[in-house]
Amino acid sequence: MPDLPLPKSAFIDPTGANRADVEALFAQTTAVLLDFLTSAAQYSPLPKVTTMLPVTLPENPLAESALLSFVQTLLRSSMNPAHPGYIGHMDSLPTVVSILGDLLAAGMNNNMLSVEMSPMLSQLEPQLLAQIAQLFGLGDRSGGLLVSGGSLANLQALAVARNVKLQVLKQGLSQRSQPPVLFASELAHTSIQKAAMILGLGTEAVIPVATNANAQMSLESLQAEIEQAIAAGQQPFAIVATAGTTVTGNIDPLPQIAAIAQQHQLWLHVDAAYGGALIFSPEHRHRLSGIEQADSVTFNPQKWLYVAKTCVMVLFRQFGLLQSHFKVAAPYMAEDSQWPNLGELSVQGTRHADILKLWLSLQHIGKQGYAKIIQQNYQITTYLVEQLKQQTYLQFASQPEMNIVCFRGIPDWIDEADWDAWNTHLQQHLLREFDLFVSLPSYRGQRWLKVVLLNPYTDESVIDQLCKGIATFARGT
Ligand SMILES: Cc1ncc(COP(=O)(O)O)c(C=O)c1O
């Protein structure tokens, strides 16, 4: 390397000249990370940020020892999903190989835009995703690609749906007299509205469909909304069903929604960002029945498959539609005769090699390993639900269908107007006194407590602590 005033380990010398310096930095960083992760249970699941990292841009290199000390501060002030008491969101502790997968991906720094720029990984991605699409039952012509998050997956699916159903790939929407609309449950993720806005339809193009007491889309309302939209001169083109609602983890009635989509020739997208993992569970796979009729599916392995963020896929029943109804070729890219340049088929061009940590996790844990984790999650959820049901001052938001339990206190010794505050104080009490982080979503206009039982180290003793924390708080009010 030319004689530049840089730290010895600024880059890795491809002739191995600075291997010892780099190895030392790797070893120290790994030690700091493992020191933290192997004692994560001792720290808060959600610590307060008390000191901030320096944000000034230094003129000269900082000593590596100083950088490592900042990293330690960072780790101790960050969300701690490895803690067995971190049970508030759909954020899992990552598989070990997905941590290593991200390290490898960064080291390789391939570009998932094109086959030329990531020759092996760009073949691995379509092959692995085609297999996963088969597990969803999407058929022989199915396939998919990885994107950075569930919101982007929903956007990509609805972009293809719009282009296919409305034939607007080239001309856009300006020629249309009938406003296009789509239908999603009132509890669908907000990314559906974002997608409609970005696609030039406007957020109001997402017609909210009423839900039943179990947070599932009402079929009668869906039919009525479609008929009303047609009568009003709008053009329905898609239905979005959810398999694993964000707050309560419930599943829309997929077979019946698929039948309605077929009746009206609408695109069916299933947002299975959370629930998609159930394809790996022989015991619970049936809950996704009907998903095999979807035209597209969103699935986030970064949630229930424990792959480090980000790792999200969008799958299509007919993968070829991406070629005909989405692709914009990059003329600076070489074409491969066998494999597509996935960056030409997706919203993103340059893409991170998320496929590596997904592939490593699936190889390392295996289908049966995931099935066992999911089964254990269901057992611990049942244990929690049984305990909570014994308290008459607690109310469930819905019947849990996954490892998500959403409930709230409705203590009759407190004025109803103060129930939201009571639940907010209970959440703070659990974090402060018991190192338990449950989240506090707003749902149907009220504050609820949400528990997501993802962490395999969250055992019955944690649930016992949670119930004790709730009981002690209730007694004191
Ligand atoms: C059902 C559902 N869809 C989509 C998303 C959006 O995913 P992301 O935050 O990765 O964009 C979420 C996030 O929790 C979700 O629960």
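**Close-up 1. T310 sits in a loop between helix 9 (301-304) and strand 7 (312-316).** Helices (H or I, at least four residues) and strands (E, at least two) are DSSP runs, numbered from the N terminus. A cis peptide bond joins K309 to T310. Its omega is about -5°. Most peptide bonds are trans. This is a predicted model, in which local features need pLDDT of at least 70, side-chain atom pairs count only at pLDDT 80 or more, and totals for chains, interfaces and linings use all residues. Residues are numbered from 1 along each chain as its sequence is written.

**Close-up 2. Q265 and R444 each have a positive phi.** Most residues other than glycine have a negative phi. Q265 is not a glycine, yet its phi is about 55°. Q265 lies in the loop between helix 8 (254-263) and strand 5. R444 is not a glycine either, and its phi is about 50°. Look for R444 in the loop between strand 10 (442-443) and strand 11 (446-447). Burial is a count: a residue is buried if 20 or more other C-beta atoms lie within 10 Å of its own, exposed if 12 or fewer, and partly exposed in between, with C-beta atoms placed from the backbone. Q265 is exposed because it has 9 other C-beta atoms within 10 Å. R444 is exposed because it has 11.

**Close-up 3. D295 is buried in a loop.** The loop runs between strand 5 (267-271) and strand 6 (296-299). D295 counts as buried because 25 other C-beta atoms lie within 10 Å. Contact means that the C-beta atoms of two residues, placed from the backbone, lie within 7 Å. Not counting residues up to four places away in sequence, D295 touches A161, W267, L268, H269, F316 and R317. L138 is 157 residues from D295 along the chain. The C-alpha atoms of D295 and L138 are separated by 8.0 Å.

Close-up 4. Ala, Val, Leu, Ile, Met, Phe, Trp, Tyr, Cys and Pro count as nonpolar, Asp, Glu, Lys and Arg as charged, and the others, Gly among them, as polar.

**Close-up 5. Helix 3 (residues 96-108) packs with helix 12 (residues 354-389).** Two packed helices are described by the angle between their axes and the distance between the axes. Here the angle is about 145°, and the axes are 8 Å apart. Axes are lines fitted to C-alpha atoms, for helices over the stretch in contact, and angles run from 0 to 180 degrees between N-to-C directions. Which residues of helix 3 meet helix 12? They are V97, S98, L100, G101, D102, L104 and A105. From helix 12 come L356, K357, L360, S361 and H364. The residues of this contact divide into six nonpolar, four polar and two charged.

**Close-up 6. H352 lies in the loop between helix 11 (342-345) and helix 12.** Is H352 buried or exposed? H352 counts as buried, because it has 20 C-beta neighbours inside 10 Å. Leaving aside neighbours within four places in sequence, H352 is in contact with A105, M112 and S148. H352 and L113 are 239 residues apart along the chain. Their C-alpha atoms are separated by 8.7 Å.

**Close-up 7. L173 is partly exposed in the loop between helix 5 and strand 2 (180-185).** Leaving aside neighbours within four places in sequence, L173 is in contact with V168 and G200. L173 and L199 are 26 residues apart in sequence. In space they are 9.3 Å apart, C-alpha to C-alpha.

**Close-up 8. I410 lies in the loop between strand 9 (404-409) and helix 13 (419-434).** I410 is partly exposed, because 15 other C-beta atoms lie within 10 Å. Leaving aside neighbours within four places in sequence, I410 is in contact with Y393, Q395 and W419.
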